[in-house]
Amino acid sequence: MENNYLQKADEKHLWHPYTQHKTAQPHIAITKGKGTLLWDENGKEYIDAIASWWVNPYGHSNTHIADAIYRQLTTLEHVLFGGFTHEPAIVLAEKLMKLLPDNQQKIFFSDNGSTAVEVAIKVALQFYYNKGEKRTKIIAFENAFHGDTFAAMAASGISFFTEAFQGAMIHVERIPVPTAGNEDRCFEAISKLIATKEFAGFIFEPLVQGAAGMVMYAPEQLDRLIKLCKENGVFTIADEVMTGFGKTGKNFACDYLQQQPDMMCLSKALTGGTIPMALTTFTAALFDGFYDEDVNKALFHGHTFTANPTGCAAALAGLELLESEAVKSGIKRINEQHLSFQKRIENHPRVKTTRILGVIFALEFIRDDADSYYGDFRNKLYAFFIEKGVIMRPVGNIVYILPPYVISAEELEKVYEIIAEALDKF
Ligand SMILES: *Cc1c(COP(=O)(O)O)cnc(C)c1O
């Protein structure tokens, strides 16, 4: 076929996410994926160093998940979840119960990370509404990212994602992230808010803020915040949409905590990057706040594809992989490789800081010009990586890697070499 045939055809009808089409480069048409690799329509090979926006930990076109999906599609592809149930949802719930913190007892299915957050926020607000208590506000971190639907967007703190919609959103107050040096500022801010008794929930990305550029903070700090919320009737919502399913080196970031959150949001890697699906999990106490003779106290929320059996089957196959020795040792080996790469470059004059948790590696470039999320420097880096055949999406001056767990030692070395080259070049 003619070179770039798909790329040209794309421009006619398609509108891409987070894209200013007037200034954006043409979109690269990918025609095949296997493991860590993707190929474009001209046969060029790419290493997917960010697991396609963090959804694909077991590699592209994974046959274990594909087989499970095929079996489910030819048994029961879908059935409505209102008034009906099915084995894939039940087995998945039972399986998740074994992995999640033991206070998590109920599961509500939806379609994506934003809807998982939407459900959590609605549950926090309606819980108090059902009780007749006026708690109508939510606490979130600065620079948080929780998704793009309205409540999720309101909880997100990256301003240019949300500024067009101010005035149409639920009331969210922001507190500083308790990164090293900011612990007390954070604690004081949340204490003040909580004292007003106007807050129903506190939502956070546990330990790592993905979209902010893999900003990390210590589990002890989050424990302190969760404990304070619990003592004051503020529900804690762990948005593990990015961190879930092994990325931090444990199944969930919350596994690093002493405290347990009241709710958890899961999506992205849930189905290994195959079928869009999400879920929100709850304590029994939250569920009980809706359990009543009064029909109006029910959670009137649902999506057409709620608990889609094919999605559940994909998630179950994904969990089997997560628990396999191959994946566990992959996660460990990636972490060790990150640590030795960190040693190699941390004294480079252009390195401001590096951070690592599990398979996540982030590096901040020193820049003279304060650079924005989608600034020039970022675009130059992105283009350089693409030219070299590595997919990474820098956030401002931050470059990060979040590879599929199946990335080989050699592929990961290649990614490091290209980052090292960028350090010398830019
Ligand atoms: C990606 C992400 C979301 C939103 O998920 P979508 O599937 O894109 O709606 C929410 N929270 C976090 C932490 C995320 O990384």
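1. A polar contact, as the term is used in this note, is a pair of N or O atoms within 3.5 Å. With that cut-off in mind, and remembering that this is a predicted model, one can turn to Lys268, where an N or O atom of the side chain is 2.7 Å from an oxygen atom of the ligand; because 2.7 Å falls within the 3.5 Å limit, this pair counts as a polar contact.

2. Besides Asn112, Ser114 and Lys268, the residues around the ligand include Trp54, Phe145, His146, Glu205, Asp239 and Met242. Sorted by class, this shell consists of four nonpolar, five polar and three charged residues. The ligand takes up the space of the second largest pocket.

3. How is the chain divided into domains? Domain 1 is made of two stretches, 5–61 and 325–425, while domain 2 covers 66–322. The centres of domain 1 and domain 2, taken over C-alpha atoms, are separated by 26 Å, and the two domains are in contact through 24 residues of domain 1 and 28 residues of domain 2.

Notes
Residues are numbered from 1 along each chain as its sequence is written. This is a predicted model: local features need pLDDT of at least 70, side-chain atom pairs count only at pLDDT 80 or more; totals for chains, interfaces and linings use all residues. Side-chain values use heavy atoms; hydrogens and water are left out. A residue is near a molecule or strand if one of its heavy atoms lies within 4 Å of it. A polar contact is a pair of N or O atoms within 3.5 Å; within protein, one must be able to donate a hydrogen and the other to accept it, and residues adjacent in sequence count only if both atoms are side-chain atoms. On a 1 Å grid over the protein atoms alone, a cavity is a set of points where a 1.4 Å probe fits but cannot get out, and a pocket is an open set with protein on both sides within 12 Å along at least five of seven lines; lining residues have an atom within 4 Å of a point. A molecule sits in a cavity or pocket if more than half of its atoms lie within 2 Å of its grid points. Ala, Val, Leu, Ile, Met, Phe, Trp, Tyr, Cys and Pro count as nonpolar, Asp, Glu, Lys and Arg as charged, and the others, Gly among them, as polar. Domain bounds come from an automatic or database domain assignment. Contact means heavy atoms within 4.5 Å.
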